[in-house]
Amino acid sequence: MTVASPETSDTISSREPIRVMIVDDSAVVRGIIGNWFAGDPGFAVVASHFNGRRAVDDVTNSKPDVIILDLEMPEMGGLDALPLILERKPGTAVIVASTLSQRGAEASITALNLGAADYLPKPSAATNKINSAEFRADLLQKVRELGLKARRRIERTAAARPAPALTAGVAVAAPAPAPVAKLAPQPIAKPRMPEALRRPSTAPVRAIVIGSSTGGPQALSKVFTALGPAMAGVPVLVTQHMPPTFTTILAEHLSRSAGRDAREGTDGEVVVPGRIYVAPGARHMLITRSGQDVVIRLSDAPPVNYCKPAVDPLFQSAAAVYGANLLGVVLTGMGTDGAKGGQAIVAAGGTMIAQDEETSVVWGMPGAMAATGVCSGILPIDDIGPKLVGFLGGRR
């Protein structure tokens, strides 16, 4: 993915700073990244380690909200450390960092499937590209979003936990009974739902389009595991915010999840039922009609919604081709990409579904889609695949 980041303040409004652990075998990288966070009171670097073993041993002591984890390190690399970190401190948001190579892409996708929240292609420290403004902005945004969600999760858990009735060794007078409603734990915040969901299209589904970003590879894997056996009669087109090479590896993983042929889309390729098409990194993927065929068009146009590939161009072009026969889905991700395209799908007579807040790694894209009021479903990730299967079977 090529991302052109908007100018935003790095200041985080929160009662407690986001606690960050940096794990990288390069002292240069640890120093540069640490300095980025050091000047902002919204962040606190609570630990910095040169290998995964040190991170695993320290995670329960330093209690980070977010860990930036290099994948290739001596003694214990990121892939070995990741499950141990999540076992010792569940709920920690881990951002894995890897090189822009096939090996790095494969390792990143594997890490996401092991429970990492997101990935970040790491520029070379040797060439000082680690200091690039784009990498810095992308990293800070990811840590901010994931850290704030981790904070909200912790606060909800604390609010739901009843206070102890006694202090050790001290007799405490029992308070007068309170109404049950006041003693009940605070409920977990729910997504802002529209007053009513929109009725879905009654036209048969001829194609499915899906957009995703942060947390997307894990979500896509779940969707395609359920959807794969039922999608023989329709193509599925996916835009996931990812850079080149990473999208190639993603397509391979989706093929295994779905048990279907999945590939990066190529310019001029005819779209056929039963196949998954993934937008290639750094190119927008659109579709158009050519005679009786639907064909893929790749575009090198500027980023849309600061992203390339972007979801909106795919959704908008697919709406023009399939109209009421199109089913669109927006999964977890930062930003608002997909909301305008989703509205175009519904305006053309099609149907939109968004992932719910609780199961999204970041409820940016699906939250923006839900806020438009045109969704016919706002669902947990485990329900989306079966819901798509139902649509394909004519069940609304």
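Mentor: Let's start with one word: contact means that heavy atoms lie within 4.5 Å. Helices (H or I, at least four residues) and strands (E, at least two) are DSSP runs, numbered from the N terminus. Residues are numbered from 1 along each chain as its sequence is written, and side-chain values use heavy atoms, leaving out hydrogens and water. This is a predicted model, where local features need pLDDT of at least 70 and side-chain atom pairs count only at pLDDT 80 or more, while totals for chains, interfaces and linings use all residues.

Now the part itself, helix 8, which spans residues 246-258. Two packed helices are described by the angle between their axes and the distance between the axes. Helix 8 and helix 4 (residues 102-114) have axes that come within 8 Å and cross at roughly 45° (axes are lines fitted to C-alpha atoms, for helices over the stretch in contact, and angles run from 0 to 180 degrees between N-to-C directions). The two helices are therefore oblique to each other (under 35 degrees is roughly parallel, over 145 roughly antiparallel, 65 to 115 roughly perpendicular, the rest oblique). Helix 4 brings Gln102, Gly104, Ala105, Glu106, Ser108, Ile109 and Asn113 to this meeting, and helix 8 brings Phe246, Ile249, Glu252, His253 and Arg256. Sorted by class, that contact holds 4 nonpolar, 5 polar and 3 charged residues (Ala, Val, Leu, Ile, Met, Phe, Trp, Tyr, Cys and Pro count as nonpolar, Asp, Glu, Lys and Arg as charged, and the others, Gly among them, as polar).

Helix 8 also packs with helix 7 (residues 216-227), at an angle of about 30° and with the axes 8 Å apart. Helix 7 and helix 8 are therefore roughly parallel to each other. Here Pro217, Leu220, Ser221, Phe224 and Thr225 of helix 7 touch Leu250, Leu254, Ser257 and Ala258 of helix 8. This contact has 6 nonpolar, 3 polar and no charged residues.

What else is there to see? 5 strands make an open sheet with parallel pairing, in the order 3-2-4-5-6 (strands pair if DSSP finds at least two bridges between them). Strand 3 (43-49) and strand 6 (118-121) are the edges, each pairing on one side only. From one strand to the next, the twist averages 20°. Helix 3 (residues 78-88) packs on this sheet, touching strand 4 (66-70) and strand 5, and its direction makes about 160° with that of strand 4. Strand 5 (residues 93-98) is joined to strand 6 by 4 bridges, and Ala97 has Leu120 of strand 6 as its bridge partner.

Elsewhere, strand 14 (residues 326-330) pairs with strand 15 in the parallel sense over 4 bridges, with Val329 opposite Ile353. Both faces of strand 15 are covered, with Thr351, Ile353 and Gln355 buried on one side and Met352 and Ala354 on the other (buried means under 20% relative accessible area, exposed over 50%, partly exposed in between, with a 1.4 Å probe and protein chains only).

Finally, find Arg206 in the loop between helix 6 (180-183) and strand 7 (207-212). Arg206 is partly exposed, at 47% relative accessible area. Arg206 and Leu326 are 120 residues apart in sequence, but 6.1 Å apart in space, C-alpha to C-alpha. Setting aside neighbours within four places in sequence, Arg206 is in contact with Val234, Pro235, Tyr322 and Asn325.
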